[in-house]
Amino acid sequence: MSTTMQDVAKRAGVSIKTVSNVVNGYPYIRDTTRERVLAAIEELDYQMNVAARNLRSGRTGMIGLAVPELSLPYFAELADSVISAAEAVGLTVLIEQTGADRDRELEVLANKRRHLTDGLIFSPLALGPEDLPAFDVDYPMVLLGERIFGSSADHVTMANVAAAKAATEHLLSRGRRRIALVGAHEGEQVGSARLRTEGYLEALREAGIEPDPALIAEAGLWHRSTGAEAMAALLDSGTQIDAVFALNDALALGALHTLHARRIDVPSQIAVIGFDDIDEARYAFPPLTSVHPGRDEIAASAVRLLQERIENRGAAKPPVSVVADFEITERDSTRV
């Protein structure tokens, strides 16, 4: 016979209502009372009926996370951080992958599956400011990234310009002056590539160095393969290079592959820095210096903001914007 809430109340010497308040996270309960109830729950191995609780509250206990590609290490690690942050507050994460496809991103916003979740954390890549009306949704949502600003949703992002400037300044401080940028998106008006390129250019100009267009290499999707191709094109052009700032770590790993294949020593001949500080960066050869963009802070902030919107659904509150802190994680790829 399964343990009931009445059994827990009897063991703890409290009312059934008090047990209900504890399991539902009601804040205004004496610590001693809460501890007695929790001890009784553990002793009796009480399993609360989550389905019934959700039916009463009108919630599912699940949130959605829509990202472009889980094959990209940054988004895989971001998803892991979001899952951990959500689990800490009793939420389950349902992950959707959009492939950075416009139609699929629009489908995420209007999908009938939204009734399965209490809210959505969304990182769009294909949508832009012209799609702003599509973000006027009737469920709690938190946006990640640089594509959409000005919506009614809360927004969590990273300090792209400042972090890219710091990455370039890191190379300059190591005596590098011919710094190539790998991963540019020519003509991009909104997005991480434009912002990180802006930070790179700003650092060069403040150092009295006129940016050389020959040192800026285009790359479509930010994968290892495109990083390797862009690095090869730079080397084949004959342009003098003594450092590389890759706009994400996947591009940097691809650049390292090409440099190794060409027997170019890193960092003595060409130093390399990436962006995202994925786990793989520390196991590269040499270990890759990278910008740590505050991934755990981004995940925790997104979950916290979404949970607040879920709990206060319908309440009028202006959108909140959070910019995560960053730091440079120095490893052997840039060490003198």
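This is a predicted model: local features need pLDDT of at least 70, side-chain atom pairs count only at pLDDT 80 or more; totals for chains, interfaces and linings use all residues.
Of the 336 residues in the chain, 51% are buried. If we take the contacts between residues at least 6 apart in sequence, 69% of them join residues that are at least 24 apart.

I will begin with the open sheet of six strands, whose order, if you follow it across the structure, is β7-β6-β8-β9-β10-β12, with mixed pairing. At the edges stand β7, residues 216-218, and β12, residues 327-329, and because each of them has a single partner strand, one side of each is left without a neighbour in the sheet. On average, and ignoring direction, neighbouring strands here are turned by 20° against each other.

As background, strands of a sheet pair through backbone hydrogen bonds, and they do this either parallel or antiparallel. In our case, β6, which covers residues 179-184, pairs with β7 in the parallel sense over three bridges, and within that pairing you can find Leu 181 opposite Ile 216 of β7.

Two helices lie across this sheet, and I would like to take them in turn. Helix α8, residues 192-206, lies across β6, β7, β8 and β9, and its direction is at about 165° to β6. Helix α10, residues 249-261, lies across β6, β8, β9 and β10, and runs at about 155° to β9.

While we are on α10, let us stop at one of its residues, Thr 258. Is Thr 258 buried or exposed? With a relative accessible area of 7%, Thr 258 is buried, since the cut-off for that class is under 20%. Leaving aside residues up to four places away in sequence, Thr 258 touches Ala 228, Met 231, Ala 232 and Leu 235.

Now I turn to strand β1, residues 62-67, in which five of the six residues are buried, so that the strand is largely enclosed by the rest of the structure. One of its partners is β2, residues 92-97, which runs parallel to β1 and is joined to it by six bridges, with Leu 65 standing opposite Ile 95 in β2. Together with helix α5, residues 73-88, these two strands make a right-handed β-α-β unit. β1 also pairs with β3, residues 120-122, again in the parallel sense, over three bridges, and there the bridge partner of Ala 66 is Phe 122.

In the loop between α4 and β1 we find Gly 61, which counts as buried at 16% relative accessibility. Gly 61 and Thr 168 are 107 residues apart along the chain, and their C-alpha atoms are separated by 43 Å.

Helix α1, residues 5-12, packs against helix α2, residues 16-23, at an angle of about 105°, with the axes 8 Å apart, and that makes α1 roughly perpendicular to α2. Which residues meet there? On the α1 side they are Met 5, Gln 6, Val 8 and Ala 9, and on the α2 side Ile 16, Val 19, Ser 20 and Val 23. By type, this contact divides into six nonpolar residues, two polar and no charged.

Finally, some backbone details, against the background that most residues other than glycine have a negative phi and most peptide bonds are trans. The peptide bond from Val 266 to Pro 267 is cis, with omega near 15°, and Pro 267 is found in the loop between α10 and β9. The bond from Phe 285 to Pro 286 is cis as well, with omega near -10°, and Pro 286 has its place in the loop between β9 and β10.

That loop between β9 and β10 also holds Asp 276, whose phi is positive, near 125°, and which is buried with a relative accessible area of 5%. Ala 100, in the loop between β2 and α6, has a positive phi of about 55° although it is not a glycine, and at 25% relative accessibility Ala 100 counts as partly exposed.

Methods: Residues are numbered from 1 along each chain as its sequence is written. Side-chain values use heavy atoms; hydrogens and water are left out. Two strands pair if DSSP finds at least two bridges between them. Helices (H or I, at least four residues) and strands (E, at least two) are DSSP runs, numbered from the N terminus. Axes are lines fitted to C-alpha atoms, for helices over the stretch in contact, and angles run from 0 to 180 degrees between N-to-C directions. Contact means heavy atoms within 4.5 Å. Buried means under 20% relative accessible area, exposed over 50%, partly exposed in between (1.4 Å probe, protein chains only). A crossover is right-handed if, with the strands pointing away from the viewer, the path from the first strand over the helix to the second runs clockwise. Angles under 35 degrees count as roughly parallel, over 145 as roughly antiparallel, 65 to 115 as roughly perpendicular and the rest as oblique. Ala, Val, Leu, Ile, Met, Phe, Trp, Tyr, Cys and Pro count as nonpolar, Asp, Glu, Lys and Arg as charged, and the others, Gly among them, as polar.
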